[in-house]
Amino acid sequence: MSPLTGAGRRGLTRSARFWREFRARPSGPAGAAILLAAVLVALLTPLLTDPAGLDVTRATGPRMGPPSLEHPLGTDESGRSVLLMITWGSRVSLLIGFMSALLSMVIGTTVGIAAGHFRGWPAAVLMRITDWFLVLPSLVLALVLAAILGGGMFTIILAIGVTSWASTARLIRAQTLAVEARPYIERARALGGGHWHVMTRHVLPNVAPLVLANTTLQVAGAIVAESTLAFLGAQSGQVSWGGMLRASYDWGAATSGAWWYVLAPGLCIVAVVMAFTLVGRALEAVLNPRLRGAGR
Amino acid sequence: MSLLEARDVHVEFTARGRRTRAVDGVNLSIGEGEIVALVGESGCGKTTLARTLLGLERPGAGSVRYGGAPLAYTSRALRAHRREVQLVLQDPTGSLNPRHTVYEAVAEGPRIHRLPGERDRVAGALSRAGLRPPERFFERLPHELSGGQRQRVVIAGALALEPRLLIADEPVASLDASVRGEILTLLLRLREELGLSALVVTHDLGLAWNIADRVAVMYLGRIVETGPVEQVLTAPAHPYTQALLSVLPGSPSRVVLSGEPPDATRVPGGCRFHPRCQVLAGGAAAQAGVEASCRSGPLAVLPATAAHQAACHYTAR
């Protein structure tokens, strides 16, 4: 007997095929590499650096000092190392990005599956709520939410998550409707399966790949949203890339020639957002049957 | 003794303000260990009737009775009903979730009903459905099986609940001719071994002849002729049955029906078959003096008895 059961072996070949298709587009692995680097930086920062350097009263560098050997990315208006702020800021940006995307996906998937599964007035009510969130300027709503709920990382996560699930819900609903039309759903009902059974055993596994691809894209959007919120003043109280951009703007870094203070967080945001988008698009192309074969 | 019975069942759908009378007054009973064929062309309401008997559709009027008691539409009662009456769909490929293994597909019912001894139950159901040795099929996915094997998996999934009645909606329509016989033999053997009753919904009179004890011919939401299969198919009383039989290979003369195909949103008055009836069009009804009643005289709904009977003014005269 082989040590693997049939299901295990099939799972293996399935993931091997998935990896082969993912690799077929160079953009996917490239994005994944950038992401891996960013996550590693975020995880290793507390082990390798001292957060005391983020304290303005204990900063040692020159004010708005250009890049030097001691401070490879220069210093900010209080003499803190921009590199140190970037590495610590990556933790906040990534955490907020992941958590709010997760929140948004949970809401979006639940609403989407429910709206696709239950016909009639419950679906109509859910979809009107979704439409409402879809047409509402989500940035303004998030700003208001953040202002009402007060500062803090949790607030920012909540504000972004609650305002960005509507498009996911629409996508998941469409896929749910397609799955629900299959005869095996009728068979599951005839076997005695209730709503919960149909939704969790048949619909959810079927939409899960879409959810995964969509979450990846959502993280990118959430990081941009976090930066925007921070730039507009709704900050989490910790050093983040968006907060750094805000500070560089407040202190006139761009006009006084301190380009490192503007470019460093800006490029970091661009790189990470692009990486998430590349990975998300590649996942989508592999996992979404409707896009399979397209974009090659 | 009837096991499952439809009593004056009506099912209507409303879409865009148009009322579709899919099932428009049907009495039908299936006895213990009996195989009944429900025959009719597409759109005549036979699938809706089958779904209603399963409790998947709720009749607008009339009732479905199982073992003499009317079916309640609470989720608990429906769940209990599903253990007794099971469904086999037309398309075995579509009826199996492509991501589920054969084991998972067959175990789905027992898991829903939390039945003990899942593994033995699945193995037993698979081998009764003719997939032996069952262990060899456990980890297969539907796309690795042939059409006939898939239909056997669907049947095994139904058998795993140990039902007393199987409703098969066109069970062999999407299968190769060579596999058809095997699946039909399987249904007959299940009746012999387990005493399983069946309602076989089909548009194929030949299939009804091969498998059924009784046949009910449906036209536009009503049963127009019913009776023991030998009597109905050798001596059809209703012009519609006669027309259906006349187009089978080997029949001496062929009746081609004229007029529009039936539309359940506009059920004709009088006999609902009269716009297409060859007896009426040929003038035989006028000679017999029933033409007026054909066009406007209402027909009673046939009772659910085993005797050969037809809903026709011309035959009844």
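Helices (H or I, at least four residues) and strands (E, at least two) are DSSP runs, numbered from the N terminus. This is a predicted model, in which local features need pLDDT of at least 70, side-chain atom pairs count only at pLDDT 80 or more, and totals for chains, interfaces and linings use all residues. Residues are numbered from 1 along each chain as its sequence is written, while chains are lettered from A and ligands numbered from 1 in the order in which they are written.

Select B:L141 to begin. B:L141 sits in the loop between α5 (118–128) and α6 (147–159) of chain B. Because B:L141 has 18 C-beta neighbours inside 10 Å, it counts as partly exposed (buried means 20 or more other C-beta atoms within 10 Å of the residue's own, exposed 12 or fewer, partly exposed in between, with C-beta atoms placed from the backbone).

Leaving aside neighbours within four places in sequence, B:L141 is in contact with B:P98 and B:T101 (contact means C-beta atoms, placed from the backbone, within 7 Å).

Next, select strand β6 (residues 85–88) of chain B. B:V85 and B:L87 point one way, B:Q86 and B:V88 the other, and all are buried. Strand β7 (residues 165–169) of chain B runs parallel to β6(B), joined by 4 bridges (pairing takes at least two DSSP bridges between two strands). Opposite B:Q86 is B:L166 in β7(B).

Finally, show the open sheet of 4 strands in chain B, ordered β2-β1-β4-β5 with antiparallel pairing. Its edge strands, β2 (18–31) and β5 (69–70), each pair on one side only. Between β4 (residues 61–66) and β5 of chain B there are 2 bridges, and B:R65 has B:P70 as its bridge partner in β5(B).

Definitions and conventions
Contact = placed C-beta atoms within 7 Å.
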